[in-house]
Amino acid sequence: MCIRDSINAEYGKKVQDAAMSMSSFTYTLKTIDKQEYPVQVHPDMTTDQLAELVASTYNFDKTLMTLIHVGKVMKDNKKLSELGVADEPQKNFGVLLLKKAKPAAAPAPAPAPVPAPAPAPAP
């Protein structure tokens, strides 16, 4: 690889990174109780990446989250752009449903102790 190719590759990466950051925008997820959770997204991001970002940013359990955009549950591994998510009013927010964690199962009670056999009567 010659120096020119190396420079072109590095320049191309910088241009791509700049384009990616320029196309990113804030997507706000709102819960039923009106709490808002803004995250920085870009159109090529997948729903799984969005869920992971929300879970890690706000310390949520990803398995208890449901993401909704324009009234539809976001399908796994779909690009946000395919779902109509965009940096426009009415398209840059969604709903976040958080299920309550099931309580841990109570430990099973210990079995009742078996009484020791009574001593045999003396003859």
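**Exercise 1. Find the residue of strand E5 that is the bridge partner of Thr66.**

Solution. The bridge partner of Thr66 in E5 is Leu97. Now step back to the strands themselves: E3 covers residues 65–69 and E5 covers residues 93–98, and four bridges pair them in the antiparallel sense. Here two strands pair if DSSP finds at least two bridges between them. Strands (E, at least two residues) and helices (H or I, at least four) are DSSP runs, numbered from the N terminus.

A word on the source: this is a predicted model, in which local features need pLDDT of at least 70, side-chain atom pairs count only at pLDDT 80 or more, and totals for chains, interfaces and linings use all residues. Residues are numbered from 1 along each chain as its sequence is written, and side-chain values use heavy atoms, leaving out hydrogens and water.

**Exercise 2. Work out which strands E1 pairs with, and in which sense.**

Solution. Start with E2: six bridges join E1 to E2, and the two run antiparallel. Tyr27 stands opposite Val39 in E2. Five residues lie between E1 and E2 in their hairpin, and Lys34 in the turn has a positive phi of about 70 degrees. Next comes E5, which pairs with E1 in the parallel sense over three bridges. There, Leu29 stands opposite Gly94.
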